[in-house]
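Work through the exercises below with the sequence and the structure open beside you. Try each task before reading its solution.

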2 protein chains.
Amino acid sequence: MTNLDCIECFVRQTLGAARDLGLDEERSTALMRRTLLMAAKMDWRLPPPLMGRDIHRAIRELTGDSDPYMGQKIKATDRALALLPEMEAAVADSRDPFLTAIRISIAGNVIDLGAKLGDKIDERAAFLDAIDADVDEEAVGRLERAVLEAGDVLFLADNAGEIVFDRQLLELIGQKKVTIAVRGSPTINDATIEDARRSGIADRFRVISNGSDVPGTWLEDCSDEFVARFEAADLIVSKGQGNYETLYTMDRHIFFLFLVKCPTVAMMTGSPKGTFVIEEKER
Amino acid sequence: MTNLDCIECFVRQTLGAARDLGLDEERSTALMRRTLLMAAKMDWRLPPPLMGRDIHRAIRELTGDSDPYMGQKIKATDRALALLPEMEAAVADSRDPFLTAIRISIAGNVIDLGAKLGDKIDERAAFLDAIDADVDEEAVGRLERAVLEAGDVLFLADNAGEIVFDRQLLELIGQKKVTIAVRGSPTINDATIEDARRSGIADRFRVISNGSDVPGTWLEDCSDEFVARFEAADLIVSKGQGNYETLYTMDRHIFFLFLVKCPTVAMMTGSPKGTFVIEEKER
């Protein structure tokens with residue numbers, strides 16, 4: 001559900017996108033007027049990522065650019081790839097590799113150009129801080145057991161760059177067991193097949209498209225193929241707030257991994273902004 | 001002129017007003033949808049306080065309350081009145097009473113429920129910090145000379161409570177010389193005739209209404225009587241951002257006194273948020 005804080009956030013994200021992308025005044029104001037009208041008319045019972053989709057469709061239309069964040073996604077991916085050897089070592093040297101891999105994966109959720117946690121993303125600091133971040137270790141244990149028991153795991157990826165942070169966790173889930181789902185087409189800095197390829201993830205793991213440009217996983221908007229895969233999976237691991245906001249009411253066994261980035265999700269989870277969340281949703 | 005930061009601020013102020021006034025969810029969402037539609041359709045060449053007027057008209061209509069901030073205005077006035085003896089003493093004991101009175105007057109501009117500087121207003125802290133606040137002393141000197149030379153001074157008041165902070169400055173301008181203009185009817189926490197009475201200001205000074213419910217001074221919206229008075233005044237002293245935003249393009253001799261409260265006005269004045277501004281506008 002979208003609430004009044006989300007509305008303010010839509011307007012703030014529109015302003016941020018106009019600036020991040022260097023839109024001129026005419027396009028910035030046109031974009032803002034469209035966001036205001038869409039927000040006024042939106043069905044607020046729907047989750048906020050649907051509005052995110054519409055804002056970013058408007059941006060792509062106004063700029064005539066099918067992937068306006070491509071440059072930023074490439075940079076985030078490159079910065080994350082530069083950290084990969086250190087991430088591998090951190091997990092290999094860890095007394096609890098699964099726990100460390102989970103921490104690193106959640107830390108990667110800082111790479112978000114929508115609901116930003118801060119003005120500037122520092123992937124290196126995020127990785128270093130993650131090593132001893134507070135997480136619910138009991139929930140990590142439950143996820144580890146669920147992975148062992150599952151025949152196949154559907155991993156719902158989030159952003160470009162972030163999927164590099166997911167790499168160690170994906171390795172531990174196992175190449176044979178896991179399938180990674182990415183967005184069907186560019187939307188903000190969310191990972192697409194192209195971004196998965198650029199990260200080296202697609203060379204090593206099965207990657208499928210969800211067929212949608214919602215910065216989340218809204219099944220009504222996804223391809224039939226993806227929905228069938230979603231329904232059939234033994235276990236779903238979901239990254240990021242957008243996937244959480246669109247899926248938390250689902251009658252499915254899902255582990256949500258994300259950073260809390262806004263007051264609305266802080267209220268939903270009962271955890272303050274910046275918290276590393278592992279939330280298990282039972283069937 | 002209204003810019004994209006102002007649009008975000010309208011939405012934030014709407015949210016803040018809905019919460020400050022304890023509106024239920026139905027009214028809060030109705031109010032937010034109206035703000036979004038009005039903002040989408042607004043002529044953004046107009047100054048932001050016109051949108052403030054429309055938001056607060058919507059609030060009064062939705063609540064059926066002609067003065068929803070009355071309780072908060074009374075409290076702010078009472079808290080300011082409790083400080084009055086200290087303010088009098090500070091000015092009386094000062095080596096430069098006019099400068100001290102200016103500092104106190106600008107400090108009072110913190111009492112703003114629209115473009116808030118912080119979550120909570122602490123009138124006492126504002127007064128204590130004001131005593132040695134950084135102000136443009138050269139501009140204070142120019143204002144003091146302009147007051148001496150003027151036959152009559154029109155003082156454009158801003159908020160309830162704040163007018164108590166203006167008291168010492170008004171005394172130094174002189175009871176005979178000064179006329180105080182307040183809003184024509186309630187709008188946010190802006191001072192009206194009733195608030196001027198409650199502050200004791202109306203017992204001691206001439207107070208007139210500007211005939212408008214814009215939280216600023218938009219002459220097109222003011223009464224003919226006020227406009228004539230505005231045109232005829234030798235000197236105008238204007239308090240607060242709202243009056244500045246609606247009057248800074250006027251061809252009039254005006255001294256604007258206010259605290260910088262937002263990035264837009266920070267850009268207009270070249271002074272960061274929180275600055276005590278004295279800006280002289282020449283004819």
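The exercises cover symmetry, the contact between the chains, and aromatic pairs.

The model is predicted, so local features need pLDDT of at least 70 and side-chain atom pairs count only at pLDDT 80 or more, while totals for chains, interfaces and linings use all residues. Residues are numbered from 1 along each chain as its sequence is written, chains are lettered from A and ligands numbered from 1 in the order in which they are written, and side-chain values use heavy atoms, with hydrogens and water left out.

**Exercise 1. State the relation between chain A and chain B.**

Step 1. Superpose the copies by least squares on the C-alpha atoms of residues with pLDDT of at least 70 in both.

Step 2. Find the C-alpha of chain A nearest the axis: it belongs to Leu36(A), at 2.6 Å.

**Exercise 2. Describe the surface through which the two chains meet.**

Step 1. Count contacts (heavy atoms within 4.5 Å). In chain A, 21 residues touch 21 residues of chain B.

Step 2. Take the buried area, meaning the accessible area (1.4 Å probe) that two parts lose on being put together, summed over both. The two chains bury about 1,900 Å² between them, and 71% of it is on carbon and sulfur atoms. Leu4(A), Arg33(A) and Leu36(A) lose the most area in chain A, together 31% of what that side buries.

Step 3. Compare the two sides. The copies meet through the same surface, because 100% of the interface residues of chain A are also interface residues in chain B.

**Exercise 3. Find the salt bridges between chain A and chain B.**

Step 1. Apply the rule: a side-chain nitrogen of Lys or Arg within 4 Å of a carboxyl oxygen of Asp or Glu.

Step 2. The count between the chains is two salt bridges. One of them joins Arg19(B) to Asp5(A), at 3.0 Å from N to O.

**Exercise 4. Classify the ring pair of Tyr244(A) and Phe256(A).**

Step 1. Rings of Phe, Tyr and Trp (its six-membered ring) pair if their centres lie within 6.5 Å; planes under 30 degrees apart count as stacked, over 60 as edge-to-face and the rest as tilted. Over all chains, the count is eight aromatic pairs.

Step 2. The centres of Tyr244(A) and Phe256(A) are 5.0 Å apart and the planes are at 80°, so this pair is edge-to-face.
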